[in-house]
Structure formats: C-alpha cells, structure tokens
Amino acid sequence: RNSSLRGLSVLNDSIAWVSGSGGWLAHTSNGAKSWYWQQLEKYKDFDFRDIEVLSEKRIILLSAGSPAVILLSTDAGESWKEVYRNDSPEIFLDGMDFRNALEGVVYGDPIKGQMVILRSMDAGLTWKDISNQNRIPLIEGEAGFAASGTGIRCGKTGQVWIATGGVQSRIFHSEDFGETWQD
C-alpha cells in the first residue's frame with residue numbers, strides 16, 4: 001500500500017482506525033495484532049486526513065482538498081455513504097472532532113476570509129454549514145492544519161477550540177458549540 005497515513009482514531013483497547021492518501025484506510029479490532037486494509041475505489045484520488053470512530057460500527061471519514069467529502073459507515077466499514085460534498089475549488093477541510101456520539105464539528109481553510117465550519121447533530125448523518133456564525137475574519141495566509149484533526153477539540157459541555165497558523169496563529173473558541181466565537 002502506497003499511502004501517507006494522517007488520520008487516527010482509537011475507540012478502545014481493541015478498535016482503532018487509520019486513514020490516508022490514495023483512498024486508503026485500515027482498522028484493527030484486536031488491539032493491532034492484525035489490520036484490515038481497504039482502498040475505497042471510488043475515492044482512490046482522495047486524501048482522507050481525518051477519521052472519527054464513534055462506535056464499533058459508526059465511522060466518519062473526512063477528505064482534504066477539492067472536492068471535499070465526508071463519508072459515513074454504519075456497518076464497521078463494509079459500506080460507505082457520502083453524507084457531505086463540496087465541489088468548490090477553494091474548499092479544503094482540515095479536521096473534525098465530536099463532543100459525544102452525536103455532535104461533531106468540522107473546520108476548514110478560509111474561503112473569502114471566512115473559516116469553513118460544519119456541524120452535525122445526528123452522528124455525522126447530516127452536516128450544516130455554520131461558517132457565518134464565526135464573524136472573525138482570517139487574514140491572508142492564515143489557515144488551519146490538516147493533521148489528523150489535531151487542530152480542533154470539542155469539550156463535553158459545548159466548547160470548541162480551533163487552532164490556525166501560517167502568517168498568524170490564533171485559537172478560535174466557542175462556548176456554545178459554534179453559535180458564537182472569540183479569538
């Protein structure tokens with residue numbers, strides 16, 4: 001397998017998933033004694049930079065670059081459903097995190113100075129664009145980090161933190177799960 005692995009999500013001592021370039025992903029269900037590799041043929045040109053394992057059967061996969069897609073499996077990776085797609089040439093999703101098994105946030109590089117922010121309230125089945133909730137513009141050359149979702153964290157009571165970098169580094173913070181933001 002020729003893939004640069006970027007995404008990692010660990011559910012428990014037995015189950016973990018990784019994702020990467022070329023549409024590749026892998027999972028273990030026996031504590032890494034063996035790995036099951038698969039390439040998603042329809043997505044072999046995609047770079048899956050982040051993955052979230054919400055349960056033994058429910059996994060969410062996030063691509064970087066254009067087109068941007070979010071895929072959902074509800075059967076432990078046997079099948080995948082495209083639950084979000086953005087064909088804009090400017091789109092570049094960086095990472096995601098979930099505060100519980102239902103509520104998650106995705107962030108991406110700015111388009112026209114505005115950070116892309118998506119939110120799911122139904123375990124990744126649907127994604128709402130809430131980018132306009134963050135009224136703080138990013139400056140030219142400021143963007144997110146597409147590194148396994150490590151630039152975003154969701155707290156259990158509704159906090160969200162997103163780190164940016166480039167010509168300027170900041171931490172964007174929401175206390176109300178993305179309704180309002182401060183830097």
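1. Helices (H or I, at least four residues) and strands (E, at least two) are DSSP runs, numbered from the N terminus. This is a predicted model, in which local features need pLDDT of at least 70, side-chain atom pairs count only at pLDDT 80 or more, and totals for chains, interfaces and linings use all residues. Residues are numbered from 1 along each chain as its sequence is written, and side-chain values use heavy atoms, with hydrogens and water left out.

2. Overall content and dimensions. The protein chain has zero helices and 17 strands. Its C-alpha trace spans about 45 × 35 × 25 Å along the principal axes. The radius of gyration is 16 Å, which agrees with the value near 16 Å for a compact globule of 183 residues; the radius is taken over C-alpha atoms, and the globule rule is 2.2 Å times the number of residues to the power 0.38.

3. Surface and contacts. Of the 183 residues, 52% count as buried, where buried means under 20% relative accessible area, exposed over 50%, and partly exposed in between (1.4 Å probe, protein chains only). The accessible surface of the protein chain comes to about 8700 Å², and carbon and sulfur atoms account for 49% of that surface. Accessible areas come from the Shrake-Rupley method with a 1.4 Å probe; for residues, only the protein chains shown count as cover. Among contacts between residues at least 6 apart in sequence, 40% join residues at least 24 apart, a contact being heavy atoms within 4.5 Å.

4. The S1-S2 hairpin. Strand S1 (residues 5-10) and strand S2 (residues 16-20) run antiparallel and are joined by five bridges; two strands pair if DSSP finds at least two bridges between them. Five residues lie between S1 and S2 in this hairpin. Ser 9 has Trp 17 in S2 as its bridge partner.

5. His 27. This residue belongs to strand S3 (residues 24-28). His 27 is buried, at a relative accessible area of 16%. Leaving aside neighbours within four places in sequence, His 27 is in contact with Ala 16, Trp 17, Ser 34, Trp 35, Tyr 36 and Ala 76.

6. The four-stranded sheet. This open sheet has the order S9-S10-S11-S12, with antiparallel pairing. Strand S9 (93-98) and strand S12 (128-129) stand at the edges with a single partner strand each, so one side of each has no neighbour in the sheet. Despite that edge position, six of the six residues of S9 are buried, so S9 is largely enclosed by the rest of the structure.

7. Pairing within that sheet. S9 and S10 form a hairpin with five residues between them, and five bridges join these antiparallel strands. Gly 95 stands opposite Tyr 107 in S10. Strand S10 (residues 104-111) also pairs with strand S11 (residues 114-120), antiparallel and over six bridges. In that pairing, Gly 104 stands opposite Ser 120 in S11.

8. The three-stranded sheet. This open sheet runs in the order S14-S15-S17, again with antiparallel pairing. Its edges are strand S14 (152-154) and strand S17 (171-174), each with a single partner strand, so one side of each is left without a neighbour in the sheet. Strand S15 (residues 160-163) pairs with S17 in the antiparallel sense over four bridges, and Val 160 has Ser 174 in S17 as its bridge partner.
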